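Please look over the structure first.

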Amino acid sequence: MKIVFRCDSSRLIGTGHVVRCLTLAHELRRRGAEVRFITRSHDGHLAARLAEELMPATLLPAPGSDIVASADDVYSVWRGVPVDQDARETIAALAGLRPDWLVVDHYGLDASWERALRPHCGRILAIDDLPARAHDCDFLLNQNQGATHGSVPAGCQVLLGPRYALLRPEYAVARALKTTDAAEEVTRVLVFFGGVDAENLSGRTLRVLSESPFAGLAVDVVVGPNYPHRASLEVLAASRGRTRILSTRPHLADLLLQADVAIGAGGGATWERLCLGVPSLLVGVSENQLTACRSLAADGSVIYLGPLADFTEANLSDELQGLLSSPEKRRRLSVSGRNLVDGLGVLRVAEQLQPTPVENYTIQGESGRCFLVHATGLPVARLEFTPQEDSLALVTQELESGFAKVATSRVLASALVLLRAAMPMADGHSRVLPPLRAAGNAVRAGQRLAILSDASSWLNESLADLVLGWMRDGHTVEWVHAPGELRGGDYCFYLGCGQLVPAAIRARYRHNLVVHESALPHGKGWSPLTWQVLEGRTEIPVTLIEAAERVDSGLIYAEEIIHLKGDELVSELRARQAAATLTLCRRFVQEYPQCVAQARAQSGEESFYARRRPEDSRLEPARTLAEQFNQLRVADNERYPAFFEHQGRRYRLAITAS
């Protein structure tokens, strides 16, 4: 597999885009990919570092000085040349090579650039921290907390949030070595404001750390090759004492292991601090960092000192004194950060681009019928093999790393990685989950369960927990995305599924079950929860019914009620819906056959909801936001964002809760 990265570094851009691409490139190269970089010869480029890390690179010509930012292209100065010129020069740098993947990480390169490169590559991964930019890509990665995205093509796979943070493997290793959440006493502080720090926040922070309340602390300050204030910083460090000035290094893992508190910018190093549970004070030094910083502060994962324009040394001093005086606050920050970032995001992203081949799995005998099953870059699972049933018992412990959703089956034959919570496999094909059963605590061994969900359903991530829970309870489970892959059994659950399933396939199961969010027979059809929110309802029934020939007309087996306050947004509504869905499914399996004996027929006048269209997210500019709040709160910022039209132009709105 051939993979090309297009990213830049400069005194203006900083080093973070190239650094995180290097992290992904090393993991892909370890998997056998041929990797190379295309980067522009800006003042402050990192071609020398690429060479040091043995990454082939092509330097594009240095930009001229006549590019200025405009209102509709504020990052044009990052490019240094017009976007069409950059596309032409990138195509020329490819020199006829058509890579399998083109990875672009650049705020100045957008959908128009990606469209120009489409004929010259297999697929495109865009890495972007900005929430509203349009892309023409196959995968979009935004690793920020609370991340959203702009317009993407149908079928584009979106990877959002810190679970995809591109951290070097040293952080996962260091995380395993760290035995405590936070030190009882603060003795060492790490300061890092990125590879440039033109505003000299490093120096201003060191001035604060030179004040008497902090004079006893040991301090490490890391600055990059493009940092313009090193001379004055070294003078300040010499006068303070107990201070080391360090140059940019391949990683900060060793320094973070020694640090009790960290102070820095809200860029890529944020995820490194959180991964190792180092209580942190952050400054949003650029526009793209502000949303993530605010979100992390709201979650209790960091102390946010505000944007660069609001930074004051007095505020830093006050917040730092408060943090140093409260071991419990430091512990809370540490635990929250570690829970958010496990250090394995680069494996998740690499698995999307270059999935681990089945033949790379190795089986190592341990004792008796137990085996260790593993592949390079994936966690080891301890499994128990039953030759008569050709099945494996999942006996591995729940992994803090986030890879608990990994199951392997059919020893020496096949493997299925639930690494992506049942998202479609990278080759576009869904897979049948072969039989697995759990050792030990089977409550009703032998039941054969199946789930059919759409490959793109938002519900899939929750369904992974349902699947593995049933496995641990002793059931055989199939989870597929196409009706033709259903092989038959006891019960089949159709969850997050908009596909028609022929009667001949349904006949393979004793019961076929559907979850519907309304008081049936009222509210049959499409998107019932959304329509009822628009009607102003605050109590939404969720019913488990038998699938029938007539849509949503089968026997009712169980019901849950979702109680709403009226301020929940679509992500919260989905979380409530998922929780009710899983409760009903688990109850049916646990209480069978009593739940069937207590079934009731639908009664009353039926009504139907229509299928929602993108046009249903239209807002009216003449009406107030309060009048249209329900319409805003059910809008899907990713697929069907709210929009309005004014003076011949269309504007899209994204809504989040602070």
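Helices (H or I, at least four residues) and strands (E, at least two) are DSSP runs, numbered from the N terminus. This is a predicted model: local features need pLDDT of at least 70, side-chain atom pairs count only at pLDDT 80 or more, and totals for chains, interfaces and linings use all residues. Residues are numbered from 1 along each chain as its sequence is written, and side-chain values use heavy atoms, leaving out hydrogens and water.

**Second largest pocket**

- Helix 18 gives the largest share of the lining of the second largest pocket, five residues.
- The elements giving two or more residues to this lining are strand 22 (509-516), helix 17 (528-534), strand 24 (539-546) and helix 18 (570-591).
- The volume of the second largest pocket is about 1700 Å³.
- Its lining holds 21 nonpolar, 13 polar and 13 charged residues. Ala, Val, Leu, Ile, Met, Phe, Trp, Tyr, Cys and Pro count as nonpolar, Asp, Glu, Lys and Arg as charged, and the others, Gly among them, as polar.

**Helix 7 and helix 12**

- Helix 7 (residues 201-209) packs on helix 12 (residues 313-324) at an angle of about 55°, with the axes 10 Å apart.
- The two helices, helix 7 and helix 12, are therefore oblique to each other (angles under 35 degrees are roughly parallel, over 145 roughly antiparallel, 65 to 115 roughly perpendicular, the rest oblique).
- From helix 7, Arg 204, Thr 205, Arg 207, Val 208 and Leu 209 meet Glu 313, Leu 316, Ser 317 and Leu 320 of helix 12 (contact means heavy atoms within 4.5 Å).
- The residues of this contact of helix 7 with helix 12 comprise four nonpolar, two polar and three charged.

Note on methods
Axes are lines fitted to C-alpha atoms, for helices over the stretch in contact, and angles run from 0 to 180 degrees between N-to-C directions. On a 1 Å grid over the protein atoms alone, a cavity is a set of points where a 1.4 Å probe fits but cannot get out, and a pocket is an open set with protein on both sides within 12 Å along at least five of seven lines; lining residues have an atom within 4 Å of a point. Grid points are joined across faces, edges and corners, and a volume is the space filled by probe spheres set on the points.
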